[in-house]
Amino acid sequence: MSEGVVPNASVADMHDRRLLMDRSVSGRRAIEMPAADVPLAEMPNDDLLRDADDLQLPEMSQLDVIRYFTLLSRLNFSIDTNFYPLGSCTMKYNPKLNDQVASLGGFANIHPLQTDDSVQGALEVMFELQEWLGEATALPGVGLAPLAGAQGEYAGLLIARAALEMRGESHRKVALIPDSAHGTNPASAAMAGMDVVTIKTDEFGNVDVEDLRAKADENACVFMLTIPSTLGLFEPNIIEINNIIHDAGGLVYADGANLNALLGLVKLGDLGVDICHSNLHKTFSTPHGGGGPGAGPVMVTEELASFLPEPVVVKSDGDVPSPARRERARVRAQQYHLTRPDNSIGKINGFHGSFSILVRAYTYMQSLGGDGLRAVSENALINANYIQARLRDRFDLAVDRLCMHETVLSGKRQADRGVPALSIAKRLLDYGIHAPTMYFPLIVPEALMVEPTETESKETLDRFVAVMQAIDDEIDSDPDSVNHAPHTLPNTRLDEATAARRPVLRWQAETD
Ligand SMILES: *Cc1c(COP(=O)(O)O)cnc(C)c1O
């Protein structure tokens with residue numbers, strides 16, 4: 001099965017590993033400065049200038065500079081170079097069309113302080129995106145302002161608190177959150193001033209309904225459901241759960257960061273959800289991975305729409321009454337407006353959200369259409385289930401059930417043979433595959449959360465399966481080697497705690 005799978009030749013071997021400074025040769029130059037064709041200015045006084053000898057700039061030829069940075073760029077791992085099955089992160093291909101459209105001058109060169117009538121096209125895109133998202137979730141109140149999934153959660157929770165406060169129930173401060181929720185859920189609830197009460201997961205990977213019933217009382221503000229859950233599962237009792245919360249007087253929040261599992265298949269609003277967010281930078285193919293920018297719009301029921309963060313785009317219904325062409329153009333030019341909803345929770349960032357990300361998501365939706373979006377989800381589910389089905393003889397499943405857009409494997413059998421999930425993840429790097437999400441969800445021992453996404457071909461999935469089988473074989477033949485992987489990358493095992501807490505990000509001259 002695993003024949004024909006070999007580790008990549010080491011990229012590091014092709015790379016001269018000396019630092020930029022160590023390549024410096026005194027007197028060597030990459031460019032010649034043109035002679036000054038303007039009058040020379042006075043230099044600032046000496047105490048503002050550094051001594052040229054202390055600057056320590058590398059002196060290199062142009063070719064050496066180009067090689068250095070080009071080879072450095074080839075050490076980057078990205079979705080445009082390699083398979084990236086990082087669970088819950090949806091590292092799917094971002095069509096280049098999205099970038100082309102976002103680069104159009106009418107989108108790229110406008111300023112957030114321009115008047116509404118001078119940016120009608122941009123507002124139209126925002127308005128239509130609101131409509132698409134409202135339609136996709138059956139939650140018609142849409143706020144595009146949040147800059148990330150976690151900020152969408154935060155905005156949604158502030159909406160829940162504001163709505164309950166208006167009902168005279170400001171004492172409701174409890175967020176009920178399953179132990180299989182995404183980690184940002186309890187963090188956002190704490191930020192929104194709520195007390196988090198954890199709900200257990202039952203043996204099938206579902207919310208423990210009896211535990212929920214016991215804890216949903218007069219203090220409940222929201223129940224926060226990650227859907228699909230971080231186990232990659234759909235919650236089959238969601239309607240019963242929503243009824244329990246509503247009967248207790250609370251609201252239901254759905255974390256729809258990964259709506260790529262549900263598009264065109266299920267609408268959260270139809271299931272009784274009151275508030276949700278979705279990550280445009282996962283579900284709707286806008287680039288991510290370097291920490292942003294992102295967009296996490298918040299969607300709510302009609303009743304809650306007046307609480308949305310400012311601004312939202314509204315369309316004036318005025319049909320054009322005047323027969324005069326110029327008059328008609330003037331009226332049309334003012335069709336879209338930015339407004340502050342009546343009971344708005346206010347601004348959650350400076351302007352309107354990550355506008356260029358909104359344009360990319362809108363382009364993606366427009367280019368696929370409704371049927372295309374449904375196919376996105378169907379293929380995401382098929383790909384994840386294909387991997388689950390092909391690997392289940394080698395790896396334990398967190399829960400033995402059809403999965404949604406990702407499958408959570410457990411490396412317990414491998415750990416029993418002396419190789420933890422961490423080493424499997426590191427060994428995958430030698431084969432040019434990004435590590436899956438590891439040790440998450442916390443309730444699964446040796447978790448490896450694999451999200452292939454819908455944009456990968458069967459050939460790529462087959463190679464991934466073959467590589468996982470090869471690593472499983474290596475665990476029998478040479479466990480030590482797997483435990484010391486990666487062997488082919490410029491860095492091997494880092495001290496991860498120090499790397500996170502005290503990163504060394506720039507070269508500095510050694511001083512004695
Ligand atoms: C990624 C993710 C989030 C957080 O989104 P950010 O944009 O990183 O803040 C929240 N919930 C789920 C389920 C996610 O997958």
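1. Ground rules. The model is predicted, so local features need pLDDT of at least 70 and side-chain atom pairs count only at pLDDT 80 or more, while totals for chains, interfaces and linings use all residues. Residues are numbered from 1 along each chain as its sequence is written, and side-chain values use heavy atoms, with hydrogens and water left out.

2. Helices α5 and α6. Helices (H or I, at least four residues) and strands (E, at least two) are DSSP runs, numbered from the N terminus. Helix α5 covers residues 149-166 and helix α6 covers residues 184-191. Their axes come within 9 Å and cross at roughly 45°. Axes are lines fitted to C-alpha atoms, for helices over the stretch in contact, and angles run from 0 to 180 degrees between N-to-C directions. The pair is therefore oblique. Angles under 35 degrees count as roughly parallel, over 145 as roughly antiparallel, 65 to 115 as roughly perpendicular and the rest as oblique. The crossing is right-handed. That word applies if the near helix is turned clockwise from the far one by less than a right angle, and left-handed if anticlockwise.

3. Who meets whom in that pair. From α5 come A150, E153, Y154 and L157. From α6 come T184, N185, S188, A189 and M191. Contact means heavy atoms within 4.5 Å. By class there are 5 nonpolar, 3 polar and 1 charged residues. Here Ala, Val, Leu, Ile, Met, Phe, Trp, Tyr, Cys and Pro count as nonpolar, Asp, Glu, Lys and Arg as charged, and the others, Gly among them, as polar.

4. Helices α13 and α14. Helix α13 (residues 421-430) packs on helix α14 (residues 458-477) at about 125°, with axes 10 Å apart. That angle makes α13 oblique to α14. The contact uses I424, R427 and L428 of α13. On the α14 side are F464, V467, M468, I471, E474 and I475. The contact residues divide into 7 nonpolar, no polar and 2 charged. The crossing of α13 and α14 is right-handed.

5. Cysteines. How many disulfides are there? The count is 0, with a disulfide taken as a pair of cysteine sulfur atoms within 2.5 Å. For C89, the nearest cysteine sulfur is that of C403, 16 Å away. For C221, the nearest is that of C276, 16 Å away. C89 is partly exposed, at 24% relative accessibility, whereas C221 is buried, at 1%. Buried means under 20% relative accessible area, exposed over 50%, partly exposed in between (1.4 Å probe, protein chains only).

6. D116. This residue sits in the loop between α3 (105-108) and α4 (120-137). D116 is partly exposed, at 23% relative accessibility. Its C-alpha atom is 7.2 Å from that of Q334, which is 218 residues apart along the chain. Beyond neighbours within four places in sequence, D116 is in contact with L123, Y336, H337 and L338.

7. Backbone points to inspect. Most residues other than glycine have a negative phi, and most peptide bonds are trans. A cis bond joins F440 and P441, with omega about 0°. P441 is in the loop between β12 (437-438) and β13 (447-450). E446 lies in the loop between β12 and β13, and has a positive phi near 55°. Another cis bond joins A485 and P486, with omega about 5°. S88 has a positive phi of about 75° and is buried, at 7%.
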